[in-house]
Structure formats: C-alpha cells, structure tokens
Amino acid sequence: MSTSVSTAASTAVGRDAPLTLTEPTNQPLGLRDALGLWGNLGISLLLPVAAAFVILPGSPFGPTLLAIVVGAAIGSVLLGLGAAAGAREGAPAMVLMRGLLGRRISYLPTVLNLVQCVGWATFEIFIIAEAASRVLNAPTWPFLLGAGGLATLMALRPLRTVRVLARYAVWLALASVVYLFVRVLAQPLPEFTTAGATSFWTAVDVVIALPVSWFPLAADYTRHVRSGRSAFTGAALGYGAATVAFFMLGALALAAYGRGGLDVIDALLAVPLGAAAILILVLVEVDEAFANVYSTAVSAQNISPRLDRRLLALGVGALATTLAFTIDIVGYEPFLFLIGATFVPLVGVFVVAYYLVPRQGWDVSERAPARPWLLLPWAAGFVAYQLTLPTHFTDTFAGWTQWWLARQADLGISPTNGLSASLVSLVVAAVLTVVVCLPRILRGRRAGRGQEARRP
C-alpha cells in the first residue's frame with residue numbers, strides 16, 4: 001500500500017483523524033473550526049508572562065503595543081501560509097517537508113520537531129500546574145497528573161477536540177479575557193519604568209516567535225480543513241488576534257501592577273474574581289499541551305507511517321508528564337528556543353519554495369527526491385539568527401553563547417545591535433532560496449511566456 005498522503009475521500013463529520021499515514025485524510029473542518037482552534041491555541045498564559053520581554057520605555061500604549069501588533073501580524077501571516085499548504089496538500093507538517101527536502105532529508109526537521117514538541121508539551125503541563133497551584137494554593141503534583149492526562153486523552157480524538165474548542169472553550173476564554181481587560185484598564189497606567197527589550201525590533205522578535213513556533217505543527221490540523229483559504233484565515237486571524245490580546249493584557253498588567261514574569265499571574269489574581277478567570281484560562285491552556293502531544297505523534301509517522309497515532313500519543317503524553325515532574329524546565333528552556341531558532345529560517349525556505357517556485361506538484365510520497373541544496377539557505381539562516389542574537393545558555397552550555405559572541409566580535413556585530421533575529425534569519429533564508437532556485441524560476445517564466453504565445 002502506498003504511504004503517500006491522499007486528500008481524497010470522506011468528509012463525514014463523524015470521522016476523526018486517520019490513525020496512520022497510510023489512510024486517506026478527511027477534511028470535515030471549516031472556517032469556524034479553524035478560527036476556534038487557532039484562537040484557543042493563541043490563548044496562552046505564556047503570552048502575558050512573555051510580555052515582560054517586549055516592554056519598551058515610554059507610554060504603555062505607544063511603541064510597546066505597536067511592536068506587539070507588528071510582530072503578531074508578521075508571525076501570524078507566516079503561520080497562515082503553512083496552514084494553507086497543509087489544507088491544500090492534505091498532509092501533516094513534517095510530511096510537507098518531503099516536498100521541500102525529499103523524504104529522507106525530511107527526517108532532519110522531523111527529529112528536531114519531535115524534541116521540540118515533547119519539550120513544549122512538558123513546559124505547558126508545568127505552566128498549567130504551576131498556575132493552578134497558585135490560584136488554589138494547593139500542591140502542584142495533582143495538577144501535573146491532571147494536565148498531562150487530559151492533554152493525552154484529547155490527543156486521542158483530535159478532530160472532536162477541535163470542534164469542542166471552537167464551539168465552547170473559545171467563548172469561555174473570551175469572556176475571561178474581556179473581564180481581565182476591563183479590570184486592568186480600570187487601574188492607573190503609568191509609563192514603564194524598566195524595559196524588557198533593548199529596541200523596538202527585539203520586542204517585535206519576541207512576538208514573532210510565538211506564532212512562528214507553531215509553523216512546524218500547523219498542517220497537522222489544517223490538513224483536515226476543507227480549503228486553503230479557510231486554513232489561512234483561521235490560523236492567521238485566530239492566532240494573530242489572540243496574540244495581540246494576550247501580549248497587550250500582559251503589558252497592561254505590568255504597567256498597572258508593576259510586576260513581571262510569572263508575577264503577572266499573581267497580579268491578575270489580585271483582580272476581583274481574577275482567580276475564577278485565571279482558572280478558566282488554565283483549563284483552556286490544556287489545548288496547547290494537547291496540540292504538542294498530538295503533533296509529536298503525527299510527526300513520528302513521517303518516519304514510520306504505519307504506527308498508530310493513538311499509541312504514539314499515549315507514549316508521548318506519559319513521557320511529557322513524567323518529564324514535568326523531574327526536569328529542570330527553566331534550564332531546559334534555552335534548548336527549546338535553540339530548536340525554535342532552527343525552524344525560523346526553514347519557514348523562509350518553505351514559503352519561497354512552495355509559493356514562488358514553479359512546480360508541477362508538491363511530492364509528499366515515499367519517493368520524494370532529495371533536495372540537499374536547500375539545506376544551504378536553511379543553514380545560512382540559522383547562522384544569521386545566531387550572529388544577530390545568540391541563544392543564551394548558562395552554566396554547562398555557556399560555551400555555545402560565548403562562541404557566537406566571539407564570532408559577533410570578529411565580524412564587528414554589536415551584541416546589542418537591536419535587530420530582529422527572526423526577521424534577519426527569514427530574509428537571509430528566503431533570499432538564498434530564491435538564488436538557489438533561480439534556474440527553476442526562470443524556466444517557469446519562459447514556459448509561461450511560451451504557453452501564452454501559443455494561445456490563439
């Protein structure tokens with residue numbers, strides 16, 4: 001049986017996601033489902049916490065909020081382009097990489113994504129448990145077990161989960177967010193006294209990172225959306241709007257209460273009925289852990305197409321929950337950012353190759369030919385990212401950071417250059433992809449002109 005991903009077949013609403021990669025992909029989801037899913041995924045307690053790193057000196061409604069809007073717009077459009085490709089090809093995200101790099105070379109981003117998804121699932125379970133324990137003043141361990149178990153159960157029936165999120169959870173979350181906004185805006189909002197970002201573009205960089213981090217997962221869900229347009233709109237608008245709202249909420253809470261980091265959650269708990277609102281958001285946060293558990297299982301199927309995603313999800317959920325009990329999540333966080341930095345330039349390579357380079361089709365079969373030359377712009381984009389903003393490690397792996405800082409000094413690049421590492425990396429990767437693919441682009445244009453000349 002062929003393991004190519006088919007877009008054929010049933011759109012019956014009662015069917016869930018296929019169990020293996022050898023089965024046809026059904027597409028029962030519409031625009032409402034896509035908007036609800038990505039709106040929920042954008043509703044995350046990580047964003048108000050991360051808002052501490054986008055703060056710029058001056059008015060809280062000035063450059064800081066502009067940086068949030070600009071970063072969300074750039075990141076969500078890139079996310080939408082990946083989501084649309086998934087709907088058009090009916091293929092999961094890592095299987096789409098076969099069309100870019102070839103089947104076997106696609107294993108490289110797949111392995112990186114497996115590590116990333118397990119790490120972020122662990123991180124989300126930890127954040128959920130930490131927030132819940134603060135709200136209820138209770139031990140953390142029951143919430144670790146509860147969050148991990150619920151996320152795993154959701155991953156067993158992913159399409160049913162998406163529909164529940166779109167129809168119910170999103171409205172509960174929206175009501176909580178509106179209430180918190182009203183309460184925070186009722187407080188005096190003085191200017192920020194400390195800055196979390198060194199420049200406007202470094203603030204933009206933090207915001208871009210959140211939607212782009214979902215690019216290697218987007219098609220895992222939008223392959224079930226009926227059209228590329230609905231997939232693009234749902235991902236870009238749903239996640240983009242939620243990103244703006246939650247970064248703004250974090251920034252406003254910081255201005256109103258003078259808190260930062262996880263203390264933003266403590267500040268929101270001080271709001272009347274804030275505990276109830278935060279509890280709702282904690283419950284909704286489980287969808288982020290679910291998405292990472294499910295995407296780990298689907299990504300693994302790119303390597304072993306016949307594996308049952310339910311068994312994979314059970315194993316991944318158990319692993320992430322165990323790690324949440326044992327791992328130093330703060331120490332592990334730089335590794336997650338480093339892996340994320342490897343995917344930023346891959347986004348640039350993919351967008352150019354998929355949308356700009358003429359092609360007969362996007363080959364996601366087991367026979368997809370290798371394209372090792374596209375590793376060059378990917379690697380160059382990663383180097384550009386590190387030269388702009390090296391991933392910050394301490395203790396054992398501090399040598400990584402020091403090595404890149406030394407290369408910055410060799411090239412005369414200031415460590416406080418104020419540039420967006422994500423944008424620099426994207427531009428370098430995209431431009432080099434155009435250069436590498438230029439012969440194909442030119443041949444496609446000549447072929448197009450020839451066809452026009454032959455028309456009567």
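Start at aspartate 287, which sits in helix H12, a helix spanning residues 274-300. Keep in mind that this is a predicted model. Aspartate 287 is buried, and it has no salt bridge. Which side chain of opposite charge is nearest? That is arginine 167, and it lies 15 Å away. A salt bridge would need the charged atoms within 4 Å. What does aspartate 287 touch instead? Leaving out neighbours within four places in sequence, its contacts are Asn40, Leu41, Met154 and Leu165.

Now turn to pairs of helices. Two packed helices are described by the angle between their axes and by the distance between those axes. Take helix H5, residues 107-136, and helix H6, residues 141-156. Their axes are 8 Å apart, and the packing angle is about 135 degrees. Because of that angle, H5 counts as oblique to H6. The crossing of the two is right-handed. On the H5 side, the contact is made by Ile125, Phe126, Ile128, Ala129, Ala132, Ser133 and Leu136. H6 contributes Phe143, Leu144, Ala147 and Gly148.

Next comes another pair. Helix H15 covers residues 375-388, and helix H17 covers residues 421-436. Their axes come within 8 Å and cross at roughly 155 degrees. Angles over 145 degrees count as roughly antiparallel. H15 and H17 are therefore roughly antiparallel to each other. Which hand does the crossing of H15 and H17 have? It is right-handed. Look at the residues that meet here. H15 brings Pro377, Ala380, Gly381, Phe382, Ala384, Tyr385 and Thr388. Among their partners in H17 are Ala421, Val424, Val428, Leu432 and Val436.

How values were computed
Residues are numbered from 1 along each chain as its sequence is written. This is a predicted model: local features need pLDDT of at least 70, side-chain atom pairs count only at pLDDT 80 or more; totals for chains, interfaces and linings use all residues. Side-chain values use heavy atoms; hydrogens and water are left out. Helices (H or I, at least four residues) and strands (E, at least two) are DSSP runs, numbered from the N terminus. Buried means under 20% relative accessible area, exposed over 50%, partly exposed in between (1.4 Å probe, protein chains only). Lys and Arg count as positive and Asp and Glu as negative; His and the chain ends are not counted. Contact means heavy atoms within 4.5 Å. Axes are lines fitted to C-alpha atoms, for helices over the stretch in contact, and angles run from 0 to 180 degrees between N-to-C directions. Angles under 35 degrees count as roughly parallel, over 145 as roughly antiparallel, 65 to 115 as roughly perpendicular and the rest as oblique. A crossing is left-handed if the near helix is turned anticlockwise from the far one by less than a right angle, and right-handed if clockwise.
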